[in-house]
Amino acid sequence: MWDTMNASREKREELHEAYVRELEPAQARLRKRLSGPGDPQLDGSVESLDAVNAWFLTRILEPREAETADLPSWWDPASPTAESDVPGSGPFTSGQLALIEEMQAYVGEVMTNARPDATWVIYKGHKLDFRNGQTMLQTGKGMPFAVQGIVYGEALGAFLYRREVPVKQLSELVRTALAR
């Protein structure tokens, strides 16, 4: 991932614009991926998140070495992905990163459907806050919702740390953020 905390303001703005620009194409890719008869329905509702998240948490466990994909804008292309077999490479393949990006885009869609006043912002916190410069969703007063960090964190928990991530965790976090 990009180190936005230490990036210039111009780089942060560039990454933010790219992230927002990639939301609709990522949503379309997820819809195409989930077009089968047994797949969860992507109706853009908070209620759909549990089924979609269960699907996501299952699929992220599949390494997808054979599936290559373009890297999301939030991934630093200088950081090798898992399929590169370079020491110190990231835990995910480019295919898994694409899946994470698609899930992030869907969570953003769900939240903006529920709160049309929500806006994508560049987070600015304490100068030592690692989240500085990340694109987040402002849904009301207080801390913006870190869609990217939360979905990526779920993927890390399930895939890298082999923890059981509660399926309802994401929808509960979204409901809490939307209530602000």
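Predicted model: local features only at pLDDT ≥ 70, side-chain atom pairs only at ≥ 80, totals over all residues.
## Packing of helix 3 and helix 4

Two packed helices are described by the angle between their axes and the distance between the axes. For helix 3 and helix 4, the angle is about 135° and the axes lie 9 Å apart. Helix 3 is therefore oblique to helix 4. Their crossing is right-handed.

On the helix 3 side, the contact is made by Gln96, Leu97, Ile100, Met103, Gln104, Val107, Gly108 and Met111. Helix 4 contributes Val147, Gln148, Val151, Tyr152, Ala155 and Phe159. Sorted by class, the contact has 10 nonpolar and four polar residues, with no charged residues. An α-helix has 3.6 residues a turn, so residues three or four places apart point the same way.

Gln96, in helix 3, takes part in the contact with helix 4. Gln96 counts as buried because its relative accessible area is 0%, where the cut-off is under 20%. The side chain of Gln96 reaches the backbone oxygen of Glu62 at a distance of 3.4 Å.

Gln148 belongs to helix 4, which spans residues 147-160. With a relative accessible area of 6%, Gln148 is also buried. Leaving aside residues up to four places away in sequence, Gln148 touches Met1, Tyr19, Trp74, Gln104 and Thr135. Of these, Gln104 is listed on the helix 3 side of the contact between helix 3 and helix 4.

## Glu102 in helix 3

Glu102 lies in helix 3, which runs over residues 94-114. Its relative accessibility is 2%, so Glu102 counts as buried. Residues up to four places away in sequence aside, Glu102 touches Ala26, Arg29, Leu30 and Arg33.

Glu102 and Glu47 are separated by 55 residues in sequence. In space, the C-alpha atoms of Glu102 and Glu47 are 18 Å apart.

## Buried residues of helix 2

Helix 2 covers residues 49-59. Its buried residues are Leu49, Asp50, Val52, Asn53, Trp55, Phe56 and Leu57.

Methods: Residues numbered from 1 in each chain as written. Heavy atoms only, no water. Helix = DSSP H or I, 4+ residues; strand = E, 2+ residues; numbered from the N terminus. Buried < 20%, exposed > 50% of the residue type's maximum accessible area, 1.4 Å probe, protein only. Contact = heavy atoms within 4.5 Å. Polar contact = N/O pair within 3.5 Å; in protein donor to acceptor, adjacent residues only side chain to side chain. Axes fitted to C-alpha atoms, helices over the stretch in contact; angles between N-to-C directions. Parallel < 35°, antiparallel > 145°, perpendicular 65-115°, else oblique. Left-handed = near helix turned anticlockwise from the far one by under 90°. Nonpolar A, V, L, I, M, F, W, Y, C, P; charged D, E, K, R; others polar.
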